[in-house]
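Please keep the sequence and the three-dimensional view at hand while reading.

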Amino acid sequence: MWDALYKALHGNFAGDIGNIITTKISDTHYTCTNSDLYPDDLAYGIIYGYAKRFLPRGTAFKVYYDANAPQRDRDSAPSSVLHVEWNI
């Protein structure tokens with residue numbers, strides 16, 4: 001739902017506002033591919049905040065950039081891929 005919320009909140013922007021694609025890798029591992037308007041570290045913080053808020057208290061989790069994919073802010077790539085995993 002992150003992409004739908006992002007687009008709803010930015011509906012009046014002119015031009016391409018990008019998107020946020022969430023992919024389920026397993027029951028405890030997702031990726032988020034971001035080509036939105038904001039810096040990569042903001043997406044990192046949002047994912048971290050969602051995990052902290054919605055995973056059960058005390059659940060171990062990690063958020064990290066995909067080591068095999070270029071990043072927008074670092075490499076001027078069109079998108080960045082972040083992972084979130086828990087129960088690790």
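## The nonpolar core

A nonpolar core is a set of buried Ala, Val, Leu, Ile, Met, Phe, Trp, Tyr and Cys residues joined through side-chain atoms within 4.5 Å. The model examined here is a predicted one. Its largest nonpolar core has 15 residues, and those with the most contacts inside it are W2, I47, F61, V63, L82 and V84. At least two residues of this core come from each of α1 (2-9), α2, β3 and β4.

F61 may be taken as an example. Apart from its neighbours within four places in sequence, F61 is in contact with Y48, A51, K52, L55, E85, W86 and I88.

The pairing of β1 with β2 (residues 29-34) is antiparallel and runs over six bridges. Within this pair, I21 stands opposite T33 in β2, while K24 stands opposite Y30 in β2. A hairpin of two residues joins β1 to β2.

## Helix α2 and its two faces

α2 contains 15 residues and spans 21 Å from its first C-alpha to its last, close to the 21 Å expected at 1.5 Å a residue. Its buried residues are D40, A43, I47 and A51. These residues cover an arc of only 75 degrees around the axis, which puts them on the same side of α2. The face turned away from this buried side carries the exposed residues D41, K52 and R53.

What do the buried residues of α2 pack against? They pack against α1, β2, β3, α3 (72-75) and β4.

## Two contrasting positions

Is N34 buried or exposed? N34 lies in strand β2. Its relative accessibility is 0%, and N34 therefore counts as buried, the cut-off being under 20%. Leaving out residues up to four places away in sequence, N34 touches W2, N19, I20, A43, R72, P78, S79, S80 and L82. Among these contacts, W2 and L82 also belong to the group with the most contacts inside the largest nonpolar core, and A43 is one of the buried residues of α2.

A60 is found in the loop between α2 and β3. A60 and K7 lie 53 residues apart in sequence, and their C-alpha atoms are 30 Å apart in space.

Technical notes. Residues numbered from 1 in each chain as written. Predicted model: local features only at pLDDT ≥ 70, side-chain atom pairs only at ≥ 80, totals over all residues. Heavy atoms only, no water. Pairing = 2+ DSSP bridges. Helix = DSSP H or I, 4+ residues; strand = E, 2+ residues; numbered from the N terminus. Buried < 20%, exposed > 50% of the residue type's maximum accessible area, 1.4 Å probe, protein only. Contact = heavy atoms within 4.5 Å. Expected span 1.5 Å × (residues − 1). Arc of directions from axis to C-beta.
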